[in-house]
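Dear colleague,

I am passing this structure on to you, and I would be glad if you could look through it before reading my notes. What I found follows below the display.

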Amino acid sequence: MADAKARAASTSAMYGTQFSSPLGELTAAVTQAGALAFLKFGAVRPQACGTHPVVWCDQAASAAPAAPVAAALAEVQRQVLEYCAGKRRAFDLPVDVDHVGTDFQRKVWAGLQRLKFGETVSYKELAARIGQPGASRAVGNANGKNQVVIVIPCHRVVGSGRQLGGFSCGLDKKKQLLAIEQVRDIRGVPLASTPTAKRKTSASEHATKARAEREAEEEAEELEEAVDDLEQVQATAAARKQRGKKKKTAA
C-alpha cells in the first residue's frame with residue numbers, strides 16, 4: 001500500500017483501469033494531464049508505460065486518482081463503448097505516446113491517426129504517406145508496437161490487395177474492428193468474413209516462423225534507426241546552412 005502511495009505521488013505517474021466491452025476486456029491508462037497513453041485488449045497490467053509508473057485504480061483505494069484523471073478514464077470508456085456500438089466514427093480524446101517508441105514509430109502512429117473511419121491502407125501506402133517509401137517492413141513493425149489500439153487505428157492497415165493482413169492483438173479482434181467499420185475487400189466482401197486459417201503447424205514451422213519474425217523485426221528496427229539518423233543529419237545540415245546564410249547577411 002505504501003508503494004502504491006509513493007507511485008501515485010509521483011508527478012510522472014499514470015493511472016490505469018479495466019472495463020468490459022463487446023470486444024472483450026480492455027485496459028486503459030491515462031496521464032495525470034488526462035491524455036490516453038495506453039489501451040490494449042485483455043486484462044494486462046503493465047507496471048509502467050515507458051518510464052512512467054502506472055497505478056491501477058482498483059488495486060490502491062488510498063491512491064485513487066484526482067477527479068480530472070478519473071473523468072478522463074471514464075471518458076475513454078464512454079467513447080470506446082460508443083464506437084463498439086456503432087455510435088461513434090471518430091474519437092475526441094487527447095493521446096500521449098511521447099513516452100514510448102522511436103521517432104520513426106511515433107511518425108507511423110501519427111500517420112495512423114489521420115486514417116478515417118472505414119479507411120484502410122497497405123503498409124506500403126502508409127510508408128509513402130509518412131514520407132518513407134520503401135519502409136513498409138519498418139511500418140509493420142511500428143504498427144505492431146502501437147500502445148493505443150482502436151484510438152490509434154492500426155487495424156486499418158491491411159495487406160496488399162485489401163487482404164486481411166496481420167494484427168498484433170489477433171486476427172479475430174481485427175475482424176471485429178473492421179466489421180464495426182464495415183470494411184470490404186476488392187470483391188466487395190466484408191473483410192471480417194475472411195476465414196482464419198486453422199491448419200496445425202509443426203514445431204519446426206513454428207521455430208522457422210519465430211526466427212523469421214525476429215529477423216524481420218531486427219531489420220525493421222535497424223531501418224528505423226537509419227531513418228532517425230538520416231533525419232538528424234538532414235536537420236543538422238539545414239541548421240548549418242541557415243547559420244551560413246545569417247553570417248553572409250551580417251557581413
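Two strands are taken to pair if DSSP finds at least two bridges between them. In this predicted model, strand β1 (residues 14-21) and β5 run parallel and are joined by 3 bridges, and one of the residue pairs involved is glycine 16 with its bridge partner tryptophan 56 in β5.

Both strands belong to an open sheet of 5 strands, which has mixed pairing and the order β3-β2-β1-β5-β4. The edge strands of this sheet are β3 (36-41) and β4 (48-49), each of which pairs on one side only.

On the side of β4, strand β5 (residues 52-56) pairs in the antiparallel sense over 2 bridges. Here alanine 48 has proline 53 as its bridge partner, while cysteine 49 is partnered by histidine 52. The hairpin of β4 and β5 has 2 residues between the strands, and in it glycine 50 takes a positive phi near 65 degrees. As for accessibility, β5 is mostly covered, with 4 of its 5 residues buried.

After α6 comes glutamine 182, which has a positive phi, near 55 degrees.

With best regards

Note on methods:
Residues numbered from 1 in each chain as written. Predicted model: local features only at pLDDT ≥ 70, side-chain atom pairs only at ≥ 80, totals over all residues. Heavy atoms only, no water. Buried < 20%, exposed > 50% of the residue type's maximum accessible area, 1.4 Å probe, protein only.
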